[in-house]
Amino acid sequence: MELLIIILLILVGILAYFLLKKERVLGINVENEASKEQIKVIESKDYRKNIYNLLNYIPEGIIILGKGKKILFSNNSANKLFQIKLEENISGFLRNPDLLSSIDKSFEGNNISDLEIEVRNQAVQRLNITIYLDQNNLFFDEICCVLFIRDLTEFHKFQQLKSDFVANVSHELRTPLQSIKMGLETFENNSDLKKNSEVTNLLPVMSSQSERMENLIRDLLSLSKIELQEHIRPTHEIDLIELIDYVIKTYEKIIRKNNISIKFNKIDNFKIIGDRDKLIEIFTNLIDNSIKYSDKNKEITITAKKDGEFNTVSVADQGIGIPKESIHRITERFFTVDPSKSRSVGGTGLGLAIVKHLVSQHRAEMDINSVENEGTTIDIKFNPL
């Protein structure tokens, strides 16, 4: 009997132990749970305080918005960029429709990266903004929107200064160059000078070099203008088939002269959003390069095709090709694989640099594949209409 009582006491003790353990695990003990909640709030406040301190050391501007676009937090970098008051609406100092629309989209669940805007407050500012939706209450006890702001104003000022310098110098060079060309043309038409063998030998060289200089100045001016406008997205509906047909027709005489054939593989419904003049410049440069660096009796193939989600135009030649180690540099300014060949055909080393910037302005992609002494294929991938 005593043994039975002892066993029952042991069982009661074990049950009491597990019951107390269950209360601790599941939060049945109200007093203990309230204490835990208090500890949790204190820990949360300390954690967020450390997060805010960390954000103040980040060089990018950071602004945290609640619903209604009210500012809940801004770090030191953001405060240096703007005059910010907590709880005010961000539209008070960042009045940009694209930004405000993107914030609304972010609150709907669409994070936005690489949004570039121009803001005109006391001075013009160029900003690159990434927008992130915090749905995990990392910063505040509500869903909020985090703006990461990079100030690109000085960078763009430098780019514009560089472009203006190139444009001004190029423009100033055109006037004396025209005078030199007029002088050379006068010499070429002078029958007495033609009797001098030294002059006869020098004049063609001088004329070709002055023409090359003129092409170089033209390309520098074009590149300078393109760089200034690269951030402006084209807005017109363009039929690429019709446009490429037009470019090919402008090269008919040169094609016949060089005994080169162009094959154009077309498809229907091949439209994009673009700028007609700049697209013509893209394909003029590509076709021009293919002709210049191909021998006679070769073929250039232009193919329009649907490539997954892209409208792709492929320009393939059977020219001298590009060494594998030089492909990554071929779009650099003034870079040429064979300088002597480039000089002999009147190349400036700027054609593909111009193409690269124009492709970027159209938010397109360019792939270059080449085999030395076999040919080069350049694919331009546009977003379809």
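Predicted model: local features only at pLDDT ≥ 70, side-chain atom pairs only at ≥ 80, totals over all residues.
## Basis

Local features need pLDDT of at least 70, side-chain atom pairs count only at pLDDT 80 or more, and totals for chains, interfaces and linings use all residues. Residues are numbered from 1 along each chain as its sequence is written, and side-chain values use heavy atoms, with hydrogens and water left out.

## Nonpolar cores

A nonpolar core is a set of buried Ala, Val, Leu, Ile, Met, Phe, Trp, Tyr and Cys residues joined through side-chain atoms within 4.5 Å. Buried means under 20% relative accessible area, exposed over 50%, partly exposed in between (1.4 Å probe, protein chains only). Helices (H or I, at least four residues) and strands (E, at least two) are DSSP runs, numbered from the N terminus.

The largest nonpolar core holds 44 residues; Phe283, Leu286, Ile302 and Phe382 touch the most other members. Elements giving two or more residues to this core include α7 (197-229), α10 (276-292) and β12 (375-382). α10 gives the most, with seven residues. Phe283 touches Leu240, Leu243, Ile244, Val247, Val313 and Phe382, not counting residues up to four places away in sequence (contact: heavy atoms within 4.5 Å). Apart from this core lies another, of 23 residues, among them Phe82, Phe107, Leu127 and Cys145.

## Strand β4

Eight of the eleven residues of β4 (residues 124-134) are buried, so the strand is largely enclosed by the rest of the structure. β4 pairs with β3 (residues 112-120) in the antiparallel sense over seven bridges. Two strands pair if DSSP finds at least two bridges between them. Ile112 stands opposite Ile131 in β4. With β5 (residues 144-151), β4 pairs in the antiparallel sense over eight bridges. Here Asn128 stands opposite Arg150 in β5.

## Pockets

A pocket is an open set of points on a 1 Å grid over the protein atoms alone, where a 1.4 Å probe fits, with protein on both sides within 12 Å along at least five of seven lines; lining residues have an atom within 4 Å of a point. Grid points are joined across faces, edges and corners, and a volume is the space filled by probe spheres set on the points.

The largest pocket has a volume of about 1100 Å³. Of its 47 lining residues, Asp288, Asn289, Lys292, Tyr293 and Gly347 are the closest to its centre. α10 gives the most to this lining, with nine residues.

The second largest pocket has a volume of about 820 Å³. Its lining has 24 residues; Glu116, Arg126, His156, Leu228 and His231 lie nearest its centre. α5 supplies the largest share, seven residues.
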